[in-house]
Amino acid sequence: MDFSGVAVLCVGDVMLDRFIEGDVERISPEAPVPVIRVRRSRVALGGAGNVAANIAALGGRAVLVGMIGEDEAGRALRSELAAHPGIVPALVVSASRPTITKTRFVASRQQIVRTDEESSLPLQPEEEAALIAAITGAIADARAVVLSDYGKGVLSPAVLAGAIKGARGRGVAVFVDPKGDDFSRYRGATAITPNLKELAAAARLPVGDEAAAVAAARHVMAAAGGAAILVTRSEKGMILVEPAGAIHSVPAHAREVFDVSGAGDTVIATLALAAGAGFALPQAMRIANAAAAVAVSKVGTATVSIAELRREIDATEAEDMAPAVAPRPLAEMLALVARWKRQGLSVGFTNGCFDILHAGHVALLTAARAQCDRLIVALNDDASVRRLKGETRPVNPLAARATVIAALRPVDGVVAFAEDTPLALIREILPDILFKGGDYRVETVVGADLVMAAGGRVVICETLPGHSTTATIARLRAGGGA
């Protein structure tokens with residue numbers, strides 16, 4: 001996973017976040033409020049600025065379009081931007097609006113109070129024109145666009161329309177962190193990322209469980225012009241509802257939560273980066289979900305580094321890849337497949353005897369794993385191999401064959417079947433992609449109809465010429481070596 005070279009245009013409400021941190025040791029004698037003994041203060045990029053900071057921390061390049069005031073906070077924000085070499089500022093300076101500033105007072109790693117400095121004035125014509133010009137000048141190099149809407153005025157109807165039209169005209173995906181209850185403002189976007197509260201307000205429907213949230217997402221999807229809806233559900237994870245109707249759900253990673261400030265910025269930054277790097281939306285959601293777990297474990301508006309993200313994903317995958325008996329019992333394999341699918345991972349499936357492993361087998365498995373997130377190999381058991389290949393086969397018993405196959409890098413799970421074909425197993429697992437090597441046609445592949453009826457696909461992988469178990473055995477018998 002490498003986001004270097006991925007440029008994302010971030011447009012929205014840019015803010016300066018101030019943090020005043022200390023300890024609470026007593027209550028004020030003047031009023032029933034805590035007294036904070038200040039230990040330190042710091043500033044950070046907030047709003048669309050935090051989206052850009054996350055993109056830069058993950059190794060991407062962010063072009064930041066927003067508005068600041070001619071004030072001390074604006075100068076502090078520019079200074080903070082200079083500390084992030086991965087951010088290219090394209091800011092418009094307003095003579096009538098202050099720089100949006102949020103000041104958080106934190107004690108014992110918890111927020112005590114927050115103060116906001118901002119203006120509710122609508123954009124002036126010259127400000128709006130300057131923002132649109134900045135977007136037009138930056139969009140040519142972008143692989144994705146993020147519209148970070150905090151309802152502070154920068155994303156006016158004209159700015160939104162200009163950004164979405166300009167991006168989609170170039171085939172660039174647009175991701176929106178929404179505000180308000182009217183998602184029609186974002187018509188034409190690729191994906192909108194509301195939290196549960198925002199989704200409920202926009203749909204005017206309950207969102208108490210997963211089915212209700214999906215129904216609400218489908219309701220607002222029409223208003224948004226068919227954009228995918230990715231619902232962030234805090235400790236319950238995320239749900240992605242795609243325009244074609246597919247639903248993907250991932251659970252939240254188990255983490256101690258200290259502060260959710262800026263978590264939505266982390267999610268949309270990672271989602272846009274992953275999509276810009278070529279990941280499909282379900283996989284981009286899984287990556288964003290891992291980034292969110294890291295973000296909420298930190299205090300205040302925080303970024304996630306690419307190293308932290310990789311560790312989080314590796315830790316989750318390690319749970320799935322823990323050493324196991326090969327082949328896995330069917331019940332254990334089915335539970336693992338269900339977990340992978342909840343995480344938004346695509347599951348591939350192939351089968352065979354795999355009696356004497358050779359380069360052709362490795363080529364098939366490598367080609368298959370390159371097209372899916374997890375690959376299951378189903379092995380004929382020994383009796384099944386004898387029925388198919390004769391009484392002298394298999395050369396290697398099932399336990400040995402399974403151990404060797406499970407040790408290969410492309411393979412994520414090994415399971416066995418006793419029948420002559422894996423049809424019953426395919427029906428149970430219902431993979432997203434069914435792989436077969438050789439001169440098969442899709443219509444002759446066992447289980448192809450089941451997989452395609454469920455929305456999956458069948459891939460015929462090219463066979464490496466000159467390699468087969470039968471030919472290897474013949475050479476050995478002829479004394480020609482393997």
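## Two helices in contact

Contact here means heavy atoms within 4.5 Å. The model is predicted. In it, helix 7 covers residues 263–276 and helix 8 covers residues 281–296.

Two packed helices are described by the angle between their axes and the distance between the axes. The axes of helix 7 and helix 8 come within 8 Å. They cross at roughly 145°. The crossing of helix 7 past helix 8 is right-handed.

Which residues of helix 7 meet helix 8? They are Ala263, Thr266, Val267, Thr270, Leu271, Ala274 and Ala275. On the helix 8 side, the partners are Leu281, Ala284, Met285, Ile287, Ala288, Ala291, Ala292, Ala295 and Val296. The residues of this contact divide into 14 nonpolar, two polar and no charged.

Strand 16 spans residues 347–352, and strand 19 spans residues 433–437. They pair in the parallel sense over two bridges. Phe349 stands opposite Leu434 in strand 19.

Helix 9 runs over residues 306–320 and holds Arg311. Is Arg311 buried or exposed? Exposed means over 50% relative accessible area. Arg311 has 56% relative accessibility, so Arg311 counts as exposed.

Arg311 and Val294 are 17 residues apart in sequence. In space, they are 9.7 Å apart, C-alpha to C-alpha.

Key: Residues numbered from 1 in each chain as written. Predicted model: local features only at pLDDT ≥ 70, side-chain atom pairs only at ≥ 80, totals over all residues. Heavy atoms only, no water. Pairing = 2+ DSSP bridges. Helix = DSSP H or I, 4+ residues; strand = E, 2+ residues; numbered from the N terminus. Axes fitted to C-alpha atoms, helices over the stretch in contact; angles between N-to-C directions. Left-handed = near helix turned anticlockwise from the far one by under 90°. Nonpolar A, V, L, I, M, F, W, Y, C, P; charged D, E, K, R; others polar. Buried < 20%, exposed > 50% of the residue type's maximum accessible area, 1.4 Å probe, protein only.
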